[in-house]
Each structure stands twice: as structure tokens, then as C-alpha cells.
Amino acid sequence: MKARRNKKQVPSFRKLIKTSKVKLENKLKNKQFKQQSTIKKYRKEQRKLRQAVKDAVSKKPIPLEDPRSKRPVKRMEREEEEEEEEALPLDMMDEDDLQLMKDLGQKASFLTRDLSSSEPVHIKKRKHESVIDKYEKMPRTLQTAPEKELIHLLPIKDKSGIIPQTREKPVTDIQQEEEDEEELQVEEEVIENPSQELTLEEHLIERKKKLQEKKIQIAALASAVLSDPESNIKKLKELRSMLMEQDPDVAVTVRKLVIISLMELFKDITPSYKIRPLTEAEKSTKIRKETQKLREFEEGLVSQYKFYLENLEQVVKDWKQRKLKKSNVVSLKAYKGLAEVAVKSLCELLVALPHFNFHNNIIVLIVPLMNDGSKLISEMCCEAVKKLFKQDKLGQASLGVIKVISGFVKGRNYEVRPEMLKTFLCLRIKEIEVKKDTEDINKPKKFMTFKEKRKTLSRMQRKWKKAEEKLERELREAEASESTEKKLKLHTETLNIVFVTYFRILKKAQRSPLLPAVLEGLAKFAHLINVEFFDDLLVVLHTLIESGDLSYQESLHCVQTAFHILSGQGDVLNIDPMKFYTHLYKTLFKLHAGATNDGIEIVLHCLDVMLSKRRKQVSHQRALAFIKRLCTLALQVLPNSSIGLLATTRILMHTFPRTDLLLDSESQGSGVFLPELEEPEYCNAQNTALWELHTLRRHYHPVVQRFATHLLAGAPSEGSEALKPELSRRSAIELFETYSMAAMTFNPPVEPSNSKKKDKVLQGDSFLNEDLNQLIKRYCNEVASEIPLDFTKCLKTSLQ
């Protein structure tokens, strides 16, 4: 016979993979269901066990005379009464009858067995009896009334034997007893409280003692967590629970200490990576004990960190809303102090843990507080954001903060503190772009393809080339800490958001107090703006200057921004910036030694960009006019500003050599110098001299004297009139900051005089002659006589 073919098709490989996946999922589900069912059974058994323990505790005591009896108390009492009623004295019975009754009692099993048992005696014989019949034949006991608890008294001995004595226990309401006990305790406390009134001194001693105990407890918990974080992670919860301290004497201080302690703990024990939640597959797989311990530590750390941040947020909300808690432990006055500590902790965590979980939540909390009415909290948050920008190398955290700030400024309709936008100046975008440029210049070496190797190299050479390329790849991976492309992408997105914020304010809020911060930011990042926006931006800046609504400092920022644009990518544009030169030349005399002295720093930046870096586009007449105006301005500003202006003049004299004609008083030219003219090109500055330097040479500040003497000699680089290296090698801005008088002291300090004090101090009388002294004393001792004043005599003599 032919063998039958198996008509069943063999499943394909893909189908096998699918079915195996389904089977694995079903197995996993069954395993999880079994685990859940076993847990439920275990809980049920535990519940039954607890109920049994409760019943055993509350169960009535068994009578001493019949411990094996299972009958209810009422039935037992009723049977005893019947026995007492029907019992006959044993003396009236014959001995034969008594013996017969005893024999019958031993044989009668139906009299001796317990009728309350759930099964009859001959249950084994009746195998085919139905369950319903069994249930119907079982004896029933009806509980018409609740069982009463009995008190066992001493028994009485009678002729018939020992008779037990019992009495019902009076039923009392347990709840009423507990309420009575609580009332008694409250009354006792009320009675005791007046007797324990403490004086102020005793109260302070008691508070100090409590505070010391709490400090020791906080220190013990913190040190335990620090010593072994993985084992003692549960101590964090215990420490965090102290944030809810209820003792009104020490609640505020303890909460502040706990907030700071937890902040420092999280900074120390937090890992240098972000902890992600585990997937279902990872939870179901078997792992080693060490891995399981690490997972438990990470889960506990993340949960406690989350709860801690929620507590800090609640503290700040309570302070903002000024709502008093029901517990009334912390007063409204203490809310501000607690909020300041909470904000400080949030700022520290923002800077210290930018890589860890919930960093975006901290940013959302901090950014609105940068615009807070409290100056202390606002400055604290702004400083934290600046610090984060300065130390953020990759740019991920900076991008998150910039997004939230931009949205907040737009949502508040640009009515925020200027300090919020000034934080943008600390972004590290410029440094990264410089690194990118150097990488573009020194492009990495490309590896040869397989075809190129096969054409040019032999087999042995290809083998060596492959080994070299492998080594180069490994070295390149070791050098690169982060991907350059990722950095560039993050910084490009950050810069786009910054410029969108700046341009919105320039368009919609030109009279906003944010304008100086916007112009300052544009001046810093102008070299990164797209060339397409340059024309429109320069028109907007010139319009702002011509409007006259800007202060001198804002207008200087406009000039600085315009020239930063033109000094970078703007070189390719054919734009004449003469109007900006004119505006700066006109604005210089608004500066003086008073409040506007701080504007000198911006002027020095502008002069460096406008004259030194653009020397080829600056005419000779314009350079002469600016040198003359700077020397004149040096007469009316503070010493550090004079030093900065004279240092700039020195650089301009070196940059433009023919400007030394201003030092020659005998040279003559056509026209007259017009100092009041606002156009530097047509003021005829070649027809004047730098007479201001002779005045500055007699200045009280030694450095100003030195610079004036140096410039009068023609600013030589060698010789006796040359400057020392410590002055010549520094820029004008560095000299301005070095010799600042912000501390209201002389810089450098004035040398003390060497004149010795005279031992003998002359009195006022010693300067007069002896005869004159005697005459003065005599007139002073005489009593003045009252003589009427007659002014007519003097009048007559004057008329004659």
C-alpha cells in the first residue's frame, strides 16, 4: 500500500515567529494572572487569620467544670434546671435498679453523643444518602436573642455535688465608654495645663532643647543616607516626613533645615544619568540581586525627589496665595522665609542637576519667579539661570529655559522685568560657533572606499589601511565628547527663539523698558543674524534713534548693534553708516562724571568697532574730529573714564599716523574749528590743538597724568615718555574696569604724608600780643552800660 501523504501544510517561518510571539504573550499573561490569584488567596487567608484571632480574643471563657461541652449556655442551664426538677434522691432506689440504670447508660450511645455535631453517628453506613437529606436531619438551634456574657462565681457544694454559680455581665456600650474616657482625658489635660504654665525664659529653653533634638535627628538620617544610599533610601522618606513638622515652637526652623538637608542630599546621591521607568518586559525578566537592589534604589530616589519638588512647589504656592492652613502651625509672616529657602533650593537643583529627572518641571517653577515682585527672589532666580547658561556646554537645558522664558514674556504682553532678557547675554552660543568654524577649516579626513582601495592599493596595503582606519575611528570617538551636529542643531533652535523674542519687542513694544536689554542682546548676537534681515534691522535702529524717545544709553546700544552687524557678515553690504557716526559724535557730550559715567563702557565698545576695526572705511577728517572730542570729554568724567578715553586716543593716534598735527600748535590750516557742529567731517578739526592734555597733565590721578604726558610726547613706544607694559598692553575697557572707583576709594590709594606731628599745639591766645591780650580781657570783664543807640548822628555825618 502507498503511504498516505500528510496533507497538512508546514507553517512558514514568519508564521512560526508570529505564533511563538502569541504563545509567549499568553504564557506571560497566564503567569501574571497566577501571581495575582496567589496574591489574592494569600490576602484572603491573612484576612481570615486576622478575623480568627479577633474572634478568639473576644470569645467567652469556657466553664471550668465541663471544658469539653460545646452546647450553648442557655441550653445547659435549661437542662440543669430540668435535671434538678426531675432528679430523685438516690437513697430511695434499690441497688439492683441503680446497677441496671448504670448498665443502660453505658450502652445507650444516643444519650451520650453530642447532638450539636454536624453529622450523625452512622454516617459511614449511609453512603448513598443525598446531601439534602443530610442537611435536613441536622439538628438546628435558633438564636432568638444575643448570647450574654457570663461571670463565673465560686461554686456551691451540695449533697448532690458541686453546683456552679454564674451571673450575667451587664452590657455597656463600648463607644460610650471610649467617649467617656476621652472626655476624662481632656478634662485631665485641661486641669493639668494651668498648672504647667511656663515663663518666657523656660519656654525659650524648652524650644532650644526641642530644636537640638530635631537637628540631631536630621543629621542622623542624612548621614545614614550618605553612608549607604542604596540600603538606606527609605530614610529619605522619613526625613521628608519632617517637612510636616506640627510643633508650632520649632516648625518653621525644622522645615527650613529639612529643605536644605534634602537639597544637599539629592545633589550628592543623584547619579549622573536620567532614570527612565522600566518596561513591562524588563519587569518580568529575572535579574541578579545587585541589579534588583539598584533598581529599587533608583525607583525610591525618583519618587522621593518628585515628592520633594511637590512639597517645595506647595510652599511657594502657600506664600503666593497667603492662605492660612487649618493646622495653624506656621504663621503668615513665616511664609516668606520658608518660600525664600524653597526657591533657593530649587535654584541650586536647577544648576546642579540639569541632566536628572523633572528638570523641566523646575524650569517651569523658576521662570515665573524671575519676574516676582520680591527683589531678592527675582535676583536669586535670574542668577541661577545665568549660571546654568554659562555652564551648559551642550545646550539642552538652555533651550528648555529659553522656550519657557519666551512664552512667558509673550503671555505677559512684554510687561516683565528687563533682567529676564538680560540673562540671554550669558548664552554660550558664540563660543560653540567659533569651534564650529575651526572644525570647518580643519575638516576631518575622509576614508577611502573599497573601489578606491582596490584600484590603488595592493592586498597587503589594503590590510594595513583597514587597520589604520579602524584605529582612527576609535581615536575620533574617544575625542568627541558630544556630537557636533547635535550641538549645532540645539544652538540654532535656541538662537531662533532668542531673535524671535527680540524682533517681537522691536516691532510691538518699542517704548517698553525691555528695549535696552533687547538692543544689548542684538549687539552681542548680531554677527549670527541672517544677512537677509540686515537692511530692515538697520532701518529700525535708525528710526529708533531719530524718534528721540530713547535715552542716551539706549541710543548707544543702537549704534553698537548697527556696527556689530556691519563688522561681521555685513561687510558684503553696500551700506553707508555715516548717520550712526554722526549720532555718536553728537551723543558724546551727554556723558559726565555723574550718573551717565557708566555709559563710557558702551562708548569704548562702539569706538573700537567703529574706528579701529573699520580703519579702512574711516576718513582722516573723521578720525581728527573724534580724537579732539574724546580729549575734551576726558576733562568732565571720572578718572577711570578719563584713562579709558585717553587709551582709546592713543590707539587712534597709532592707527591714523597723520593725526599728530593736533599736537603742533604752530601749524595752520584753512578754516576755523567749529566744536558745536554735529558733523565730524565738516568741523575743521585739523585747525585746532589738543590743549586739554596740558590740563590733564596736572590731574590728581597719577595714571591720568602719565597718559597725558605720554600723548603730549606723541605717544612713543620707546624712551622715557613711553608707557609701562602694565598700561600699554591693556585695552581701554580693561583699564576702565581696573581703575574703577565704584568702592568710593582712590584707586590707586593716596600715599600718606611723611610730616611729623608737632608735640606742642599752639592755642588761640598765643598768636596775639601780650598788650593786646590784656586790653581784650579788660573790655570783656567790664559791664556793658545800656546806652541808647542814635543812628541820626551817623546819618548827619554821612550827609555832610
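Analyst: Lys40, Arg43, Lys44, Arg47, Lys48, Arg50 and Lys54 gather in a patch of positive charge on the surface. In such a patch, like charges are joined within 9 Å, and its residues have over 30% relative accessible area and no salt bridge. A salt bridge is a side-chain nitrogen of Lys or Arg within 4 Å of a carboxyl oxygen of Asp or Glu. Lys and Arg count as positive, Asp and Glu as negative, while His and the chain ends are not counted. Each charge is placed at NZ of Lys, CZ of Arg, CG of Asp or CD of Glu. Areas come from the Shrake-Rupley method with a 1.4 Å probe, and for residues only the protein chains shown count as cover.

The model is predicted: local features need pLDDT of at least 70 and side-chain atom pairs count only at pLDDT 80 or more, whereas totals for chains, interfaces and linings use all residues. Residues are numbered from 1 along each chain as its sequence is written, and side-chain values use heavy atoms, with hydrogens and water left out.

Lys54 is exposed because its relative accessible area is 57% (buried is under 20%, exposed over 50%, partly exposed in between).

Asn361, in helix α13 (residues 359-369), has a relative accessible area of 46% and so is partly exposed. Ser331 sits in the loop between α11 (289-321) and α12 (333-352), and at 39% relative accessibility it counts as partly exposed. Ser331 and Val252 are 79 residues apart in sequence, yet their C-alpha atoms are 8.9 Å apart.

Helix α23 (residues 552-567) is mostly covered, with 13 of its 16 residues buried. At 1.5 Å a residue, α23 should span 22 Å, and its end C-alpha atoms are 23 Å apart, which agrees; the expected span is 1.5 Å times one less than the number of residues.

Two loop residues other than glycine have positive phi. For Asn684, phi is near 60°; this residue lies between α27 (639-655) and α28 (692-696) and is partly exposed, at 23%. For Ala715, phi is near 55°; Ala715 is in the loop between α29 (702-712) and α30 (725-728) and is buried, with a relative accessible area of 5%.

Technical notes. Patch = residues over 30% accessible without salt bridge, like charges linked within 9 Å, V, L, I, M, F, W, Y side chains within 5 Å. Buried < 20%, exposed > 50% of the residue type's maximum accessible area, 1.4 Å probe, protein only. Helix = DSSP H or I, 4+ residues; strand = E, 2+ residues; numbered from the N terminus.
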